[in-house]
Amino acid sequence: MANLKEIRNRISTVSSTMQITSAMKMVSAAKLKKAQDAITAMRPYANKLTELLQSLSASLDGDAGSSYADNREVNKVLVVAITSNRGLCGAFNSNILKQCAVLEDNHAGKQVDFLAIGKKGNDGLSRKSNVIANKSEIFDGLTFDAVSEIAEELMAKFTDGDYDKIELVYNKFKNAATQIVMTEQFLPIVPIEGGDQNSGDYIFEPEKAEIVEQLIPKSLKTQLYKAIRDSFASEHGARMTAMHKATDNATELRDQLKLTYNKARQAAITNEILEIVGGAEALNN
């Protein structure tokens, strides 16, 4: 059994760790509320805009369709991996890296490159895959304008023929304890089958094709912004949950160490008493 000094040191270390994890949990909880409100307010608009444009795209003839809906033979794929800049958030980042590995296997025989949004994704992917860029600075000031610049780069890479398909991989926020790994096709746009039936209730001014051409870039920027916002909220939820579990584990370990310390201290006192009694009896004899 470890001596009393070693146990005291371990209790002190665990208590300090518990204070840190508890503080990190409270910080993440405060940030989560703001991030959750932002993504909850944005989802209905983003989903409806995407649905409308997919429906309109489906009703257009091939020649009138957008260049962003150009379905080509897929030889070059770009995967946008959205992770976090910091760790201590459970399996949040590792789940994205696993899904990226799955996508790489699915596109075996094709050129698969990655664009990392988040330092953890860049660090993990750089070891085995080709990362063309790291946009981790986006989280220093997460705004729609900043995300729009990245979206414009992706759109240019697709229209210029650098890549035939672009996919997003990110954690979708469900609640503080649950994040769902999502894989979404960013480009080309996937039209909804039967979209013309839904668009018959609208009067279009100007022409439908012109509306699609003007709104598709905005829709794509919104889609990417929503994915990053989802990931941002998921990160704080995952970190809050991870720090909560870490605090609980530290509390349990501290209690066990205190029990061990008390037992060892009691044993030491008992031994001292026995030694005193034994010495007294020896003197009497």
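Leaving out residues up to four places away in sequence, Ile166 touches Leu78, Val80, Leu154, Phe158, Glu184, Gln185, Phe186 and Leu187. Contact here means heavy atoms within 4.5 Å.

Before I go on, two housekeeping sentences. This is a predicted model, where local features need pLDDT of at least 70, side-chain atom pairs count only at pLDDT 80 or more, and totals for chains, interfaces and linings use all residues. Residues are numbered from 1 along each chain as its sequence is written, and side-chain values use heavy atoms, with hydrogens and water left out.

Back to Ile166. Which residues touch the most other members of the largest nonpolar core? They are Ile117, Leu154, Ile166, Phe186, Leu187 and Leu224, in a core of 39 residues. Helix H1 (4-59), S1, strand S2 (111-117), H4, S4, S5 and H6 each give at least two residues to this core, and H6 supplies the largest share, ten residues. There is another core apart from it, with twelve residues, including Val77, Val79, Ala81 and Ile96. By nonpolar core I mean a set of buried Ala, Val, Leu, Ile, Met, Phe, Trp, Tyr and Cys residues joined through side-chain atoms within 4.5 Å. Buried, in turn, is under 20% relative accessible area, exposed is over 50%, and partly exposed is in between (1.4 Å probe, protein chains only). And the helices (H or I, at least four residues) and strands (E, at least two) are DSSP runs, numbered from the N terminus.

Now, aromatic rings. How many aromatic pairs does the structure hold? Two. The Phe139 and Phe232 rings count as stacked because their planes are at 15°, with centres 6.1 Å apart. Phe139 sits in the loop between strand S3 (130-134) and H4, while Phe232 is in helix H6, so this pair ties together parts that are 93 residues apart in sequence. Phe139 is buried, at a relative accessible area of 15%. In the other pair, Phe144 and Tyr225 have ring centres 5.5 Å apart and planes at 90°, so that one is edge-to-face. That pair also links distant parts of the chain: Phe144 is in helix H4 and Tyr225 in helix H6, 81 residues apart. Phe144 is partly exposed at 30%, whereas Tyr225 is buried at 12%. The rule is that rings of Phe, Tyr and Trp (its six-membered ring) pair if their centres lie within 6.5 Å; planes under 30 degrees apart are stacked, over 60 edge-to-face, and the rest tilted.

Next, charges. Side chains of opposite charge can pair when their charged atoms come close. A search of the whole structure turns up ten salt bridges, each being a side-chain nitrogen of Lys or Arg within 4 Å of a carboxyl oxygen of Asp or Glu. Take Lys226 and Glu184, whose closest N and O atoms are 4.0 Å apart. Lys226 is in helix H6 (residues 208-284) and Glu184 in strand S5 (residues 178-187), 42 residues apart, so to speak a link between distant parts of the chain. Are these two buried or exposed? Lys226 is buried at 10%, and Glu184 is buried at 18%.

Arg254 makes a salt bridge with Asp255, at 3.8 Å between the closest N and O atoms, and Asp255 is partly exposed at 40%. Elsewhere, salt bridges that share partners join Asp70, Arg72 and Asp164 into one network. Arg72 is partly exposed at 26%, and Asp70 is partly exposed at 35%.

Asp164 deserves a moment. Where is Asp164 found? In the loop between helix H4 (144-159) and strand S4 (165-175). Asp164 is buried, at 8% relative accessibility. Its side chain reaches the backbone nitrogen of Asn75 at 2.9 Å.

The chain averages a pLDDT of 88, with 91% of the residues scoring at least 70; pLDDT is the predictor's confidence in each residue, from 0 to 100. Confidence is highest in strand S1 (residues 76-82), at a mean of 97, and lowest in helix H5 (residues 195-199), at 49. Where pLDDT is low, the predicted coordinates should not be read in detail.

Terms used: A polar contact is a pair of N or O atoms within 3.5 Å; within protein, one must be able to donate a hydrogen and the other to accept it, and residues adjacent in sequence count only if both atoms are side-chain atoms.
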